[in-house]
Amino acid sequence: MNISQINSTLEVNSSQNNIATPFYNFVPEPQSSRTIRYVIYCIVFIFAIVGNATVCIIPFRHRRMRTCTYFLITNLAVSDIGTMLCLPYILVMEWQNEWSMGSVMCKLVNPSLTMFYLVTTNTLVAIAVHRFVVVVFPFKSKPGKSRVALIILLIWLIAFLCVLPSFGARQLVFNGVKDNGKTSYTCDEIFPGKTREDHEFFRNMYTIFQYVINIFLPIVIIVILYIVIAYKLRQMSSALGFRKDRRDSQGSTSYHSVVSRKKSIDDFSLRKRNELERKFLRMLAVVVIVFVLCYVPYTTFYLVVSYYPMAMTWKYLGILYHYIYLLMWFPNALNPICYGALDDRYASIVRSLCCIRNRAQRFASRLASNGVNSSGGRSNRPGHLFSRSNQTLPPIKEKSRTQTSNRTIEEHKNGNGKNWKTCCS
């Protein structure tokens with residue numbers, strides 16, 4: 001949705017409620033504010049593409065990251081990349097205040113953006129369900145690669161089916177003739193119906209459907225599952241603490257020392273697993289909170305504009321919309337930062353990649369320093385690092401032979417030569 005769609009929605013609602021049209025004169029955004037927004041868009045775009053591409057590469061280069069949860073996080077990164085690829089088209093439309101990229105792109109860009117966000121929410125729900133099964137039912141077998149691939153395929157299929165009406169409803173709408181004689185169009189959703197009120201009724205129903213599927217149900221399911229997971233982890237930690245206190249009270253005089261030692265090892269592994277699960281749950285909770293805080297305001301704004309136009313009488317509505325829409329893109333850039341900062345495995349891999357880069361730089365600088373000749377200048381001959389210099393290597397060999405012969409003579413003087421004569425004779 002853009003400002004033109006907000007205006008069209010408000011116009012229809014005003015015709016139904018007999019509202020005066022001067023109500024829609026919004027204050028234009030200052031040029032400085034617009035420039036700042038576009039700079040922020042560029043920074044978010046760079047961070048999102050680089051960070052999520054790194055997250056996608058990691059599971060294919062490290063075997064320990066090829067688990068169900070990390071594959072789902074990779075799917076989340078893929079949806080974030082797809083979301084960011086839609087951003088240039090939307091910024092061009094906003095800059096020109098019209099749609100100039102044809103009917104095909106009109107049917108693809110905005111529905112694809114909605115589909116990618118549906119994939120994001122469905123993936124967050126799938127991760128929460130998987131962690132719930134792992135914590136509450138620890139003895140259940142882990143899903144294999146084929147089952148994980150099927151889960152990811154279902155996530156994308158459900159998102160595509162939910163957005164399918166939007167693919168069909170998107171079309172170019174005549175916006176007028178510009179001063180240069182060219183025709184201006186906007187890309188809008190035109191739902192079936194005999195009258196304009198029918199169009200708006202189906203549009204509002206579809207808006208509610210998207211809000212329920214994309215925001216309400218996923219957040220409710222995720223919150224319930226994470227509360228159950230946190231409660232289960234707390235029970236496990238309290239049980240492990242009770243075992244530790246009981247073992248310490250028994251002391252070392254118990255005749256079940258071997259059994260107690262085995263239990264202590266098991267308790268240590270369970271405690272370590274519990275701690276890792278808590279850290280991982282904290283990382284996922286931060287990702288969900290970032291998504292909710294950045295995405296819910298936009299969808300709520302869209303819902304309010306569709307049903308309560310009188311609540312949007314503020315003249316700065318256009319500027320407010322631009323910054324709420326900007327906020328919606330932040331999770332795509334913040335998610336990789338959350339992975340690297342809050343997950344130990346991602347953090348160690350990123351650190352190792354940085355160390356490899358630093359080692360490569362040090363090795364290159366060492367090669368460059370070894371390429372300096374004795375006169376203080378750099379040799380221009382190719383392969384000068386592997387050429388032998390008559391002024392350096394032969395004296396070192398000569399010195400080593402002299403030291404070896406002197407050591408042999410000293411051994412003969414100390415009596416070690418007697419054994420040598422006996423062996424040789």
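The lining of the second largest cavity in this predicted model draws at least two residues from each of the helices α5, α7 and α8, where helices (H or I, at least four residues) and strands (E, at least two) are DSSP runs numbered from the N terminus. A cavity is here a set of points, on a 1 Å grid over the protein atoms alone, where a 1.4 Å probe fits but cannot get out, and its lining residues have an atom within 4 Å of a point. The residues that line the second largest cavity are T121, L124, N214, P218, I219, I222, V288, F291 and V292, and helix α7 gives the most to this lining, with four residues. When the lining of the second largest cavity is divided by residue type, seven residues are nonpolar, two are polar and none is charged; in this division Ala, Val, Leu, Ile, Met, Phe, Trp, Tyr, Cys and Pro count as nonpolar, Asp, Glu, Lys and Arg as charged, and the others, Gly among them, as polar. The volume of the second largest cavity is about 50 Å³, a volume being the space filled by probe spheres set on the grid points, which are joined across faces, edges and corners.

By this rule, five cavities of 30 Å³ or more are counted, and the largest cavity has a volume of about 370 Å³. Twenty residues line the largest cavity, and of these T114, Q210, Y295, Y298 and Y302 lie nearest its centre. The elements that give two or more residues to the lining of the largest cavity are α5 (102–136), α7 (196–250) and α8 (257–307). This lining is made up of 11 nonpolar, seven polar and two charged residues.

Residues are numbered from 1 along each chain as its sequence is written, and side-chain values use heavy atoms, with hydrogens and water left out. As the model is predicted, local features need pLDDT of at least 70 and side-chain atom pairs count only at pLDDT 80 or more, whereas totals for chains, interfaces and linings use all residues.

The protein contains 13 helices and two strands. Of its 425 residues, 36% count as buried, where buried means under 20% relative accessible area, exposed means over 50%, and partly exposed lies in between (1.4 Å probe, protein chains only). Among contacts (heavy atoms within 4.5 Å) between residues at least 6 apart in sequence, 76% join residues at least 24 apart. Helix α9 (residues 317–327) is largely enclosed by the rest of the structure, because eight of its 11 residues are buried; these are L317, G318, I319, Y321, H322, I324, Y325 and L326.

The unreviewed UniProt entry lists residues 38–58, 70–92, 112–136, 148–168, 208–229, 280–308 and 320–342 under "transmembrane region"; such positions are given in the numbering used here, feature names are shortened, and annotations may be inferred rather than shown by experiment. In the model, residues 38–58 are 100% helix and 0% strand, and the end C-alpha atoms of this span lie 30 Å apart. Residues 70–92 are 96% helix and 0% strand, with end C-alpha atoms 35 Å apart.

Several single residues were also examined. N75, in helix α3 (residues 68–85), counts as buried at 5% relative accessibility. Its side chain makes a polar contact with the side chain of T123 at 3.0 Å, a polar contact being a pair of N or O atoms within 3.5 Å of which, within protein, one must be able to donate a hydrogen and the other to accept it, while residues adjacent in sequence count only if both atoms are side-chain atoms. Leaving aside residues up to four places away in sequence, N75 touches V119, T123, I152, I155 and W156.

S112 lies in helix α5 and, at 15% relative accessibility, is likewise counted as buried. The side chain of S112 reaches the backbone oxygen of L108 at 2.4 Å, and, with residues up to four places away in sequence not counted, S112 touches C86 and F167.

H199, found in helix α7, is partly exposed, with a relative accessible area of 22%. Under the exclusion of residues up to four places away in sequence, H199 touches I190, F191, P192 and G193. The C-alpha atoms of H199 and E189, which are 10 residues apart along the chain, are separated by 9.0 Å.

N97 is found in the loop between α4 (87–96) and α5, and is exposed, with a relative accessible area of 58%. Although N97 is not a glycine, it has a positive phi of about 60°. Most residues other than glycine have a negative phi.

Methods. On a 1 Å grid over the protein atoms alone, a cavity is a set of points where a 1.4 Å probe fits but cannot get out, and a pocket is an open set with protein on both sides within 12 Å along at least five of seven lines; lining residues have an atom within 4 Å of a point.
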